[in-house]
Structures are given as structure tokens and as C-alpha cells.
Amino acid sequence: MEQGSEENMESSWTLLSWLASGVMVFGSAVPYIPQYQEIQRTNNTEGFSTRVCLVLLVANILRIFFWIGKQFELPLLLQSVVMILTMLAMLHLCCSIQSSNRVSTKQHHITDLDLRYFWSWSSFEDYLMFCFAFTLLCAFITFLFLDWVLFVEALGSLAVMFEAMLGLPQLLQNYNNRSTRGMSVKMVLLWTAGDIFKTMYFMINESPTQFVVCGAVQILIDIAILLQVGYYSQDTRIKLG
């Protein structure tokens, strides 16, 4: 009887483990669904900072190379692949909307090598080119120093440092706009819920320390953005009143 109970417990734990892994892999992409829909609905990208995509693309490309040097949980590797595809989908939508709304015929491309317009390019292909070039650079450096433990740890720290700054571009854009209009509040709420879950997952699975620190910083930035939502909404009501 005890053996049957133990087997049931083990089976339940395995199922929960699989569910948690599934949430880790795909859950990080879910917050961008309401923002994607909001951009489609309004045909406007001004409320969403595409630099969020830059931060996540860099962070997840670095994380993949960190995995090559130090194999951590497979779901975290798969999560990076899913997140890269999600960010490319967001950029593709933003480029399409901006192209259809563009009044000026003046365009900016990565090949212009003009830092003033970095990450403000006119074509989706420019962003793809950046990702390809950055991946090649990371591959070259990683395989050059792969046997150096300090480099691998530094790579992991760099990856999670970028990921920890995920919400910072959105925080700054809200501050510059003095508004959160056009930003999906659902996206930020899902960010917060996901980051709390993710941080707990890291702690339970004894993931590298870099991941736990990253999760904690992300939660703090999420809370700051939610405070902006309340503050700017109140400010707007006062002005209208």
C-alpha cells in the first residue's frame, strides 16, 4: 500500500515538474501576446519600447552560449530559443506598422553605421542582420575562450544582467512620455507573475546564482512600472479635472 502511495506521489511530482518546465519554456512569451494585440488594434507602436526586444535578444543569445560553456537546465535553453523567436515577431510587427505609418521617405538602415539611429532602423531585415552578426561575434569569442572558467561565468553574468534590465527601456520610455498609454498593463502584470514564478523555479532547482539575482531585479523593475501606471493615470485625471 505504501509502495503504491509512493509511486503516486512520484508520478504527481513528475507531472508537476513537467508542467513547471513547460511554463518556463513558453510562459515567458505569453506577456507579449496582449502587447502584440494592442499594437495591432491601435496600429501604433509608440507605447511599446522596441529596446525591450534588443535587451531580450542580446540576453538570450548570450544565455545560449553560456549553456554551451556550462550546461544548466534544458528548459532554460529552450526558453531562450522561444524568447528570441517572440522578440523577432514583435519587431516584425513594429516594423510593419511603422512602415505603413511613415510620412517621410527618409529611411535608416544598419549599413548606414549611424549610431544616432541604432535600433531605430526602417526594415525588419536590419534587425535580423544585427542578430546574425552578434551571434557570429559571440560564437567566435565563446569558442576561443570556452575552456576558461572565468570567461564562462562572466558570460552567464552578462546574459542575466541584460535580462535583468528587461523592463528598464519600458520604464524609461514611460518616464519620457509621462504616460503609459499604448503600453499593455496586462503585459507588465504577466511579466511580474512570470518573474516571481521564474525566481522561485531558479531557487528550487538550485540554478546558477546569476539567474536568481536576475529574477529579483526584474521583479523590482516590474513593480516600478506598475507604480508608473498608477501615478500617470492619477496625474492624467488631475489634469482633466
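## Cysteines

Cys214 is buried, at a relative accessible area of 3%. Cys95 also counts as buried, because its relative accessibility is 7%. These values come from a predicted model.

The structure contains 0 disulfides. For Cys95, the closest cysteine sulfur belongs to Cys94 and lies 7.1 Å away, which is too far for a bond; a disulfide needs two cysteine sulfur atoms within 2.5 Å.

## Annotated transmembrane regions

An unreviewed UniProt entry lists residues 15-36, 48-68, 74-97, 127-146 and 210-232 under "transmembrane region".

In the model, the chain over residues 48-68 is 86% helix and 0% strand, with 32 Å between the end C-alpha atoms. Residues 74-97 are 100% helix and 0% strand, and their end C-alpha atoms are 35 Å apart.

## The largest nonpolar core

The largest nonpolar core has 56 residues, of which Tyr32, Phe48, Leu57, Met87, Trp119, Phe130 and Trp191 touch the most other members. Two or more residues each come from α1 (2-27), α2 (32-42), α3 (51-69), α4 (74-101), α5 (124-144), α6 (149-164), α8 (185-204) and α9 (209-240). The largest share, 11 residues, is from α4. The core lies between domain 1 (1-147) and domain 2 (148-240), because both give residues to it.

## Contacts of Trp119

Trp119 is one of the core residues that touch the most other members. Apart from neighbours within four places in sequence, Trp119 is in contact with Thr50, Arg51, Cys53, Leu54, Leu57, Leu91, Tyr127 and Phe130. Among these partners, Leu57 and Phe130 are also listed with Trp119 as core residues touching the most other members.

Terms used
Residues are numbered from 1 along each chain as its sequence is written. This is a predicted model: local features need pLDDT of at least 70, side-chain atom pairs count only at pLDDT 80 or more; totals for chains, interfaces and linings use all residues. Side-chain values use heavy atoms; hydrogens and water are left out. Buried means under 20% relative accessible area, exposed over 50%, partly exposed in between (1.4 Å probe, protein chains only). UniProt positions are given in the numbering used here, feature names are shortened, and annotations may be inferred rather than shown by experiment. Helices (H or I, at least four residues) and strands (E, at least two) are DSSP runs, numbered from the N terminus. A nonpolar core is a set of buried Ala, Val, Leu, Ile, Met, Phe, Trp, Tyr and Cys residues joined through side-chain atoms within 4.5 Å. Domain bounds come from an automatic or database domain assignment. Contact means heavy atoms within 4.5 Å.
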